Amino acid sequence: MTSLYHRALDDLARVFSRLDETAVDRAVEAIAAAERIALYGVGREGLQIKGFAMRLFHLGRQAAMVGDMTTPPVGPGDLLIVSAGPGEFSTVLALMGVAKEAGAKTLVVTAQPDGEAAKRADFVLPVPAQTMADDTGPATSVLPMGSLYEGAQYILFEVMILKLRDRLGVTPDAMRANHTNLE
């Protein structure tokens, strides 16, 4: 069983060995420059992006998940971050259209940088990992379906928070102070 853990970790290591750090830094700068940040993802990608939204809030950023009742409108100076691992989802494309029409910028996190969502985005953060769009064949991950992409998102988003924390000058204590006490 231990070999499955090692194989999964090796698959993740290969993702990060191919990750474009310049694209990560551009995404970090776009987030740092945004007044308000709205985030959206579907399925398990949505779970990862919810965790990212929470950490952005801990950094003191105005961040909200699309669909929550307290999500403000977006407009000029704001950023919509969406996840579209396989390249596109109808809801992602529709929300990107609304955000652009309102004057907000869009950032797409995807494993398919040539996909439709990436073509429509202001910023693209490619994550070179398997999704359900390419989960067959001899070179697939030991992890099923889109799990490699989703696992890579977790690590990527946490590292982006570290970069943002340094970029924004937020201390770990300040982050901790923004954590809810209603648990």
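Author: Two strands are taken to pair if DSSP finds at least two bridges between them, and strands, like helices, are DSSP runs numbered from the N terminus (H or I of at least four residues for helices, E of at least two for strands). This is a predicted model, in which local features need pLDDT of at least 70 and side-chain atom pairs count only at pLDDT 80 or more, while totals for chains, interfaces and linings use all residues. Residues are numbered from 1 along each chain as its sequence is written, and side-chain values use heavy atoms, with hydrogens and water left out.

Reader: What makes strand 2 and strand 5 the edges of the sheet?

Author: The open sheet has five strands in the order 2-1-3-4-5, with parallel pairing. Strand 2 (62-65) and strand 5 (123-126) each have a single partner strand, so one side of each is left without a neighbour in the sheet.

Reader: Why is helix 3 called roughly parallel to helix 6?

Author: Helix 3 (residues 43-58) and helix 6 (residues 147-168) pack at an angle of about 10 degrees, with their axes 9 Å apart; axes here are lines fitted to C-alpha atoms, for helices over the stretch in contact, and angles run from 0 to 180 degrees between N-to-C directions. Angles under 35 degrees count as roughly parallel (over 145 as roughly antiparallel, 65 to 115 as roughly perpendicular, the rest as oblique), so helix 3 is roughly parallel to helix 6.

Reader: Why is the pair of Phe-52 and Phe-157 called stacked?

Author: Rings of Phe, Tyr and Trp (its six-membered ring) pair if their centres lie within 6.5 Å, and planes under 30 degrees apart count as stacked, over 60 as edge-to-face and the rest as tilted. The ring centres of Phe-52 and Phe-157 are 4.3 Å apart and their planes lie at 10 degrees, so the pair is stacked. This pair links Phe-52 in helix 3 with Phe-157 in helix 6, 105 residues apart.
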